[in-house]
Each structure stands twice: as C-alpha cells, then as structure tokens.
Amino acid sequence: AGALVALGGTPAAALADALADGLAAALERPLPPLAPVGRAGATVTYPIPAADGASIDREHEVILARWQGAVYAFALACPHQNTALRWLPGSGADPGRFQCPKHKSRYRPDGTFIEGRATRGMDRFALRREGDRVVVDLDALREQDADPAGWAAAAVRL
C-alpha cells in the first residue's frame with residue numbers, strides 16, 4: 001500500500017491508474033511480423049495480403065495494410081514524433097485503427113488522421129502491383145499535407 005501511495009497520491013488513485021495502464025496495454029496488439037519476399041535497391045516486395053488487416057516489417061520499418069479493396073504501405077513511425085505505431089483491431093462494424101502509444105494520435109486503416117496531436121495522416125510509401133505482390137519504394141515517402149495527390153495515389157486498388 002505504501003508503494004501505491006507514493007506513486008499515485010492515494011491508494012485508490014494509484015490502483016485506478018494501474019488498472020487503466022493495464023487495460024490500455026491489453027488493448028494494444030503488436031502487428032504480426034511481415035517477411036519481404038524480395039529486395040532490390042530502394043524497393044522491397046511483399047505478397048498481397050489475403051484479408052483486411054495490418055502487418056509489419058520491422059527491418060524496413062514498413063507497415064503493410066489491406067483495407068476495403070486497397071493495399072497501403074506506411075512508415076512505421078507516427079508523423080507527430082516518430083514513435084512506432086500500434087494496430088488496435090476492431091470488432092463488428094469497427095474496422096480497427098492505428099494508434100500512437102506516446103500521445104494517442106489515432107488513424108483509420110487507410111492512414112487517414114482521426115484525432116490526437118498529429119496534424120496529418122500516416123506517411124505512405126509509393127507502391128505498385130506486380131502480379132500477386134506489391135513493390136514498395138522506400139525512397140518515395142508521401143506526406144499527406146506536403147503532397148496530397150501523391151499521398152492519395154500511394155495505394156494499390158485490388
């Protein structure tokens with residue numbers, strides 16, 4: 001009890017803070033790992049995801065997401081302060097969302113900004129389809145506010 005008082009002011013406040021932190025941690029799910037199938041220069045190739053969702057290639061700091069008939073490749077870092085983003089899966093009508101664990105900026109599965117301290121959508125890499133794969137150009141990062149047309153075009157429609 002003494003440790004709780006020292007951390008939270010009162011035992012009840014400390015317990016409430018600990019429960020809230022535990023619930024937030026339980027809701028944050030790490031993205032499943034993604035293994036590229038090829039790399040050439042500044043590009044990396046991935047299989048087209050079979051279903052809606054998101055996965056991560058930590059080595060190249062790429063999030064590959066499929067949502068509503070399109071595939072996107074995002075930078076792993078939140079555009080606000082470069083913290084690694086998390087995927088919060090949805091249920092029912094909720095498709096899930098990306099969230100920054102540092103300042104809680106939230107984004108739709110297509111990277112569109114919802115709310116928080118960030119001021120734009122998630123940064124997208126340019127990509128193209130080659131058969132049953134997508135090729136991501138790691139040198140072509142599109143920021144929604146600086147290049148709205150390039151950002152909008154940085155998707156592969158299925």
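## Two loop residues with positive phi

Asn82 sits in the loop that runs between β5 (70-75) and β6 (86-88). Keep in mind as you explore that this model is predicted. Although Asn82 is not a glycine, its phi is positive, at about 65 degrees. Is Asn82 buried or exposed? Its relative accessibility is 62%, so Asn82 counts as exposed, because the cut-off for that word is over 50%.

You will find Glu61 in the loop between β3 (53-57) and β4 (62-67).

Now move along to the loop between β7 (97-99) and β8 (106-107), where Lys104 lies. Lys104 has a relative accessible area of 40%, so it is partly exposed. Its side chain reaches the backbone oxygen of Pro101 at 3.0 Å.

With a relative accessible area of 1%, Ser105 is buried, because buried means under 20%. Which backbone atom does the side chain of Ser105 reach? It is the nitrogen of Ala118, at 2.9 Å. If you set aside the neighbours within four places in sequence, Ser105 is in contact with residues including Cys78, Phe98, Cys100, Phe113, Arg117 and Ala118.

## Aromatic rings that pair up

How many aromatic pairs does the structure hold? There are four. One of them joins Phe74 and Phe98: the ring centres are 5.6 Å apart and the planes meet at 70 degrees, so this pair is edge-to-face. The pair links distant parts of the chain, with Phe74 in strand β5 and Phe98 in strand β7, 24 residues apart.

Together with Tyr72 and Trp87, Phe74 and Phe98 form one aromatic cluster.

## A charge over a ring

One more ring is worth a look. The charged end of Arg124 sits over the ring of Trp151. The distance from that charged end to the ring centre is 3.6 Å.

How values were computed: Residues are numbered from 1 along each chain as its sequence is written. This is a predicted model: local features need pLDDT of at least 70, side-chain atom pairs count only at pLDDT 80 or more; totals for chains, interfaces and linings use all residues. Side-chain values use heavy atoms; hydrogens and water are left out. Helices (H or I, at least four residues) and strands (E, at least two) are DSSP runs, numbered from the N terminus. Buried means under 20% relative accessible area, exposed over 50%, partly exposed in between (1.4 Å probe, protein chains only). A polar contact is a pair of N or O atoms within 3.5 Å; within protein, one must be able to donate a hydrogen and the other to accept it, and residues adjacent in sequence count only if both atoms are side-chain atoms. Contact means heavy atoms within 4.5 Å. Rings of Phe, Tyr and Trp (its six-membered ring) pair if their centres lie within 6.5 Å; planes under 30 degrees apart count as stacked, over 60 as edge-to-face and the rest as tilted. A charge sits over a ring if NZ of Lys or CZ of Arg is within 6 Å of the ring centre and within 35 degrees of the ring normal.
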